[in-house]
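Me: I'd like a close look at one part of this protein. Take me through it slowly, please.

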Amino acid sequence: MRDFDLLVIGSGPGGQKAAIAAAKLGRRVAVVDRPDMVGGVSIHTGTIPSKTLREAVLYLTGLTQRDLYGQSYRLKEDITVADLTARTQHVVSREVDVIRNQLSRNHVSLFAGTGRFVDDHTVALREVTGHDRLLSADTIVIATGTRPARPATVEFDERTILDSDNVLNLERVPRSMVIVGAGVIGMEYASMFAALGSKITVVEQRPGMLDFCDVEVIESLKYHLRDLAVTFRFGETVAAVEKHPKGTLTILESGKKIPADAVMYSAGRQGLTDELDLDKAGLSADRRGRITVDEHYRTEVPHIYAVGDVIGFPALAATSMEQGRTAAYHACGEPVNRMHDLQPIGIYTIPEISFIGKTEDQLTEDCVPFEVGISRYRELARGQIIGDSHGMLKLLVSPEDRKLLGVHCFGTGATELIHIGQSVMGCGGTVDYLVDAVFNYPTLAESYKVAALDATNKIRQIDRLRD
């Protein structure tokens, strides 16, 4: 008899939910993770710290209140790193306590250390004392997550030349900063530091940024970031980063030189699989450290599953949680529905972006007809009350069956608002539901009714011409 029914390597969002789901089904479950990383990268260096930092930045800078109180309005004049990290440390420690409590009350054994495969049913736990202990299980779930990818040519010192995991190690808020990579993480940090008053230069080798988002939304984001003195260098590649006593010098392939206090690399993520000894379990990973799985999150070895960022796209905390739960149910023989294709995307830039479904460009490329309905926050009473005059909600509606094809939101509360559209789309509802629904007033949610009326009025105009 093996030690456990299910053993999870990694306690991030995917690992936690897999462990708790199996424990709820009456299985003997264990989780292995480093004692300083309970909750995974998501809690310690990723999702939670970055979103808490964003909240602290918005609060202390008073940025969102400037439409009401003037462009010079600030809650605190000299914002220090200590001001920013105080809130982050508080939230992180509380979240770790919550996770430990959840595992404990569900009788999940938590082992402190790192795990590596001995064979396909056995993991060697390297404890903090340096001793090894063998743990066996019928089913093993790999949920080790990722780390920032680091170019070999760059000498990271984690103080002035950093990646997204150690950006909070900065000793002071930099007056200037180069961010290499205009992906989700790069743009979130670019907007945060720009709001703090840092002069930001974003270097991206592609011709644009966040090309999976709505074009109009990205144009709006670029406008707002340029307004905060962000410079974009698209179609440019970094040749070298030099560290000097008075700062850094980023040299581009085109010959441009950018001086700055700090440089942050945001060049993708690398799966944390290199120390797992995957080959001993009959597994392998690709060059980015990612493990291939089927629709049930099973690897090539049927009783070994993998979930979360370590399996690649979409690599979100929200999807990782659902993958963990789904994998555990499948492993335990419990009926489970496949994850819905409709997944909301949330990007915590300033202002934030969220969307679900198709973009205008995708629908045009697929020759799918659509009508657009738009609501602007400045026309909503709630938008005026909170001082957000630039936010917007866009609905893409099929004129044939009147169903929603996509919802795109930009501005305050976008990542919350998107779930109304998700619910309507997931239940197969039409734009008419939003037209007829009564929304609390004044709210930002009212934007759905305004945008729905805008879309249906346009559809009505076309129908009248045909009569």
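Which residues does UniProt place in the feature "binding site"?

Reply: Keep in mind that this is a predicted model. The unreviewed UniProt entry puts "binding site" at Gly181, Ala182, Gly183, Val184, Ile185, Gly186, Met187, Glu188, Glu204 and Gly268. These positions are spread over 88 residues of sequence, yet they cluster in space, with a largest C-alpha distance of 14.4 Å.

Let's start with Glu204. You'll find Glu204 in strand E10, which covers residues 199-204. Glu204 counts as buried because its relative accessibility is 6%, and the cut-off for buried is under 20%. Leaving aside neighbours within four places in sequence, Glu204 is in contact with Gly181, Ala182 and Gly183, and also with Arg233, Phe234, Gly235 and Glu236.

Now for Gly268. This one sits in the loop between strand E15 (262-265) and strand E16 (269-271). Gly268 has a relative accessible area of 37%, so it is partly exposed. Again leaving aside neighbours within four places in sequence, Gly268 is in contact with Pro148, Ala149 and Arg288.

As for the domains, the protein is divided into domain 1 (4-148 + 270-332), domain 2 (161-267) and domain 3 (351-466). Between domain 2 and domain 3, about 990 Å² is buried, with carbon and sulfur atoms giving 69% of that area. There, 10 residues of domain 2 are in contact with 13 residues of domain 3, and the count of salt bridges is 3.

Conventions:
Residues are numbered from 1 along each chain as its sequence is written. This is a predicted model: local features need pLDDT of at least 70, side-chain atom pairs count only at pLDDT 80 or more; totals for chains, interfaces and linings use all residues. Side-chain values use heavy atoms; hydrogens and water are left out. UniProt positions are given in the numbering used here, feature names are shortened, and annotations may be inferred rather than shown by experiment. Helices (H or I, at least four residues) and strands (E, at least two) are DSSP runs, numbered from the N terminus. Buried means under 20% relative accessible area, exposed over 50%, partly exposed in between (1.4 Å probe, protein chains only). Contact means heavy atoms within 4.5 Å. Domain bounds come from an automatic or database domain assignment. Buried area is the accessible area (1.4 Å probe) that two parts lose on being put together, summed over both. A salt bridge is a side-chain nitrogen of Lys or Arg within 4 Å of a carboxyl oxygen of Asp or Glu.
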